[in-house]
Amino acid sequence: MGNIIRIGACLPRLRLDRRAMAQAMGWLVQGAGAGRGTRTLGFWDEDSATLAVEAARAALAGDRAESLSFCTTTPPFAEPQNAALIRAALRLPELCRSQDCTGTPRATLLALHAALETDATALIAAGDRPVVQAGSLAEARMGDGGAAVLTGPGEGLFTFLGGASLSLPFLHRSRASGSDTALDWEERWQREAGYQTQIPAAIAAALDRAGVAAEAVDHLVLPCPIPGTGAAVARNAGLGNVRLAADLADHCGDTGTAHPLMMLAAALPQVAPGQLVVLAQFGQGATALVLRAGEAVRNHPGLPGLDTGIPESNYLKLLAFQDRLDWDRGLRGRYIVPEAQSTAFRNAEALLGFVASRDSSTGQIRFPPRADEAGEVWPLADRGGRLATMTADRLAYSRHPPSCYGLVDLNGGGRLMMDLTDPDAAELAVGDALRFVFRVKDIDQNSGFRRYFWKAVRDTAQV
């Protein structure tokens, strides 16, 4: 069996105040903006795939994986396979086995359970950007985010002791094929017939397979947007001495398939080596995994960016970024995104993997690399750089004006014109340290086709 070697997570920087949601929609829908604090709001060029890529970069930390599972309930594409694009962005080997796992928020733990039953090195990358009815309770409780784990043999954060997955045709949330919006069923049904019944059954089976008594479990990590449900599940499962992991509701909301790993990362500072953790998730049944913490948990920082972010009080940005507003894009916004799928494939290493070439004799960096040019492969994604020139363009079309771009001096040599992104892009100044992120380049309004590329953001680690 395998172990959890490393965990990575990605939270969008925008934090939408639930009070603003209530002010915008409370006159019409009673449950609008329910709860305290904020929920994460992905920027216009962040989607489930880009969030998963950013989390996976942290989980990999330069390592490689034999397989990649992309877990989401909000895939950018029904076809083609999203995991193939993510593999290319992460520059994993072409022989890496990739698959999309979707249809339930439990997809991540299902993929993780399967990976831990083997000793292969596997990457499970999850990302969600849920779309629900405007003003609904679910809209307030949910959030956007990505998380990933790397599994394999050897020492790591957690040793896998055993697990169980229970499958049932239990419907508590549904989304018809071709529809963007998911609908929830009655909350009491979810809580009593779902969470409080099915998760204890999965936990009991997992503990039995692991040879662990319920009283020996120290921590329970269980995503559940319904307040108070986690404690009831713990009682029903006989976990009398357990500490419930924080649900992160006040900071980011429930991030769907990413949330079990998000909560596990946030709980790590409270976990001591040798302690037992049950990681569980609900959705058309339940999955429970029994883990023993290793020495590496002592040095884990927890969930980066949880307590930081950019406050946002404009509810309409949520609708605009989710493309749910029919807004006037102006003359410059009426253009068709060229799909050029053959060109995209031929240049996938440069466009998705962000790879340049370097002349070994002169040190010259060329991007994109020429096919007929002999040179050293020169990956750019992790190099970063500094801003050399900056333009904030209010005439060009942008989904979040102004459109920001500039010349970036790459660390290690080379200069490249790049888009600058994130809500504070217009505040960047010449000389600022930058890092590179995988984002949506543009979206065709007619076909829904989207292109991806790398953009520059402020490197907060060097501020």
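**Burial and helix packing**

Modeller: Start with Ala 56, which is buried, with a relative accessible area of 0%. Keep in mind that this is a predicted model.

Colleague: Where is Ala 56 placed?

Modeller: Ala 56 sits in helix H2.

Colleague: Which residues does Ala 56 touch, leaving aside those up to four places away in sequence?

Modeller: Ala 56 touches Leu 90, Leu 123, Ala 125 and Ala 148. As for Ala 425, it lies 369 residues from Ala 56 along the chain, and the two C-alpha atoms are separated by 24 Å.

Colleague: At what angle do H2 and helix H3 pack?

Modeller: H2 and H3 (residues 82-90) pack at about 45°, and their axes are 10 Å apart. Angles under 35 degrees count as roughly parallel, and 65 to 115 as roughly perpendicular. H2 and H3 are therefore oblique to each other. Their crossing is right-handed.

Colleague: Which residues of H2 and H3 meet?

Modeller: From H2 come Ala 49, Ala 52, Val 53, Ala 56, Arg 57 and Leu 60. From H3 come Ile 86, Ala 89 and Leu 90. By type, the residues of this H2 and H3 contact are eight nonpolar, no polar and one charged.

Colleague: Now H7. Which of its residues are buried?

Modeller: Helix H7 spans residues 229-236, and its buried residues are Thr 229, Gly 230, Ala 232, Val 233 and Ala 234.

Colleague: What covers the buried residues of H7?

Modeller: The cover includes helix H6 (187-210), strand E11 (219-221) and strand E12 (243-244). After H7 comes Gly 238, with a positive phi near 75°.

Colleague: How do H6 and H7 pack?

Modeller: The angle between H6 and H7 is about 45°, with the axes 9 Å apart. H6 and H7 are therefore oblique to each other. H6 passes H7 in a right-handed crossing.

Colleague: Which residues of H6 and H7 meet?

Modeller: H6 brings Arg 191, Tyr 195, Gln 196, Ile 199, Pro 200 and Ile 203. H7 brings Thr 229, Ala 232, Val 233 and Asn 236. The residues of the H6 and H7 contact divide into six nonpolar, three polar and one charged.

**Salt bridges**

Colleague: How many salt bridges does a search of the whole structure find?

Modeller: The search finds 28 salt bridges.

Colleague: Take Arg 439 and Glu 46. Where in the chain are they?

Modeller: Their side chains meet in a salt bridge, at 3.5 Å from N to O. The pair links distant parts of the chain, 393 residues apart. Arg 439 is in strand E23 (residues 433-443), and Glu 46 is in the loop between strand E3 (38-41) and helix H2 (48-60).

Colleague: Are Arg 439 and Glu 46 buried or exposed?

Modeller: Arg 439 is buried, and Glu 46 is buried too. Both also belong to a network of salt bridges, with Arg 13, Asp 45, Asp 422, Asp 424, Asp 432, Lys 455 and Arg 458.

Colleague: Which residue forms a salt bridge with Arg 57?

Modeller: The partner of Arg 57 is Asp 382, with the closest N and O atoms 2.8 Å apart. Arg 57 is in helix H2, while Asp 382 is in the loop between strand E18 (376-379) and strand E19 (385-387), 325 residues apart. Asp 382 is exposed, at 68% relative accessible area.

Colleague: And what is the N to O distance between Arg 298 and Glu 295?

Modeller: The side chains of Arg 298 and Glu 295 meet in a salt bridge at 2.8 Å, N to O. Exposed means over 50%, so Arg 298 counts as exposed at 58% relative accessibility.

Terms used. Residues are numbered from 1 along each chain as its sequence is written. This is a predicted model: local features need pLDDT of at least 70, side-chain atom pairs count only at pLDDT 80 or more; totals for chains, interfaces and linings use all residues. Side-chain values use heavy atoms; hydrogens and water are left out. Buried means under 20% relative accessible area, exposed over 50%, partly exposed in between (1.4 Å probe, protein chains only). Helices (H or I, at least four residues) and strands (E, at least two) are DSSP runs, numbered from the N terminus. Contact means heavy atoms within 4.5 Å. Axes are lines fitted to C-alpha atoms, for helices over the stretch in contact, and angles run from 0 to 180 degrees between N-to-C directions. Angles under 35 degrees count as roughly parallel, over 145 as roughly antiparallel, 65 to 115 as roughly perpendicular and the rest as oblique. A crossing is left-handed if the near helix is turned anticlockwise from the far one by less than a right angle, and right-handed if clockwise. Ala, Val, Leu, Ile, Met, Phe, Trp, Tyr, Cys and Pro count as nonpolar, Asp, Glu, Lys and Arg as charged, and the others, Gly among them, as polar. A salt bridge is a side-chain nitrogen of Lys or Arg within 4 Å of a carboxyl oxygen of Asp or Glu.
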